[in-house]
Amino acid sequence: MQFSSRLTIATHILLCIETFKDDFKVTSKILAGSINTNPVIVRNILGLLSSAGIVEIKAGVGGAYLAKSPNEITLLDIFKAVEKEESLFHFHEHPNPQCPIGRSIHSVMDRKLENIQFAMENEMAKITLEQLVKEAKEQI
């Protein structure tokens, strides 16, 4: 299973915004160059981050800014802002009730999958943008 790249692109965007904020205006063109993607993709993700209250965007060449302190933004906040699906796991719609496995698959799996998602979200909630910025700056 593979998730979309929205989380990693959004995190890349936020790291750039915070890291380069004092050096120059961080625009979708600059961000697209860093990510090596189309500026339209960047603008779409910036829109999602803006709707979630994570970034503020100045129209034109005004640039993008964090709407919150980096220590107030978690990886889970970013994930929830850019991923459309509420649940990580998607069950097949209609297991066969005539089959013993089909009849019991939900009772066997549902709670386990919920626990897995909860554990992942718990871990993501522990990681702040501030931590990621610090690590990125150590690498630069």
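1. The model is predicted, so local features need pLDDT of at least 70 and side-chain atom pairs count only at pLDDT 80 or more, whereas totals for chains, interfaces and linings use all residues. Residues are numbered from 1 along each chain as its sequence is written, and side-chain values use heavy atoms, with hydrogens and water left out.

2. Thr-74 counts as buried because its relative accessibility is 13%. Here buried means under 20% relative accessible area, exposed over 50%, and partly exposed in between (1.4 Å probe, protein chains only). Leaving aside residues up to four places away in sequence, Thr-74 touches Met-124, Ala-125, Ile-127 and Thr-128; contact means heavy atoms within 4.5 Å.

3. Thr-128 belongs to the loop between α5 (100–125) and α6 (129–139). With a relative accessibility of 16%, Thr-128 counts as buried. Apart from residues up to four places away in sequence, Thr-128 touches Pro-70, Asn-71, Ile-73 and Thr-74.

4. Glu-83 lies in the loop between α4 (75–82) and α5. Its relative accessibility is 14%, and Glu-83 therefore counts as buried. Residues up to four places away in sequence not being counted, Glu-83 touches Ser-4, Arg-6 and Leu-7.

5. The side chains of Glu-83 and Ser-4 are joined by a polar contact of 2.7 Å. A polar contact is a pair of N or O atoms within 3.5 Å; within protein, one must be able to donate a hydrogen and the other to accept it, and residues adjacent in sequence count only if both atoms are side-chain atoms. Glu-83 and Leu-48 are 35 residues apart along the chain, and their C-alpha atoms are separated by 9.1 Å.

6. Which residues of helix α2 (residues 28–35) are buried? They are Ser-28, Leu-31, Ala-32 and Ile-35. Seen down the axis of α2, these buried residues fall within an arc of 100°, so they line one face of the helix; the arc is that of the directions from the helix axis to the C-beta atoms. An α-helix has 3.6 residues a turn, so residues three or four places apart point the same way.

7. The exposed residues Lys-29 and Gly-33 are carried on the face of α2 turned away from its buried side. The cover over the buried residues of α2 includes α1 (6–20) and α3 (39–51). Asn-36 follows α2 and has a positive phi, near 65°.

Notes:
Helices (H or I, at least four residues) and strands (E, at least two) are DSSP runs, numbered from the N terminus.
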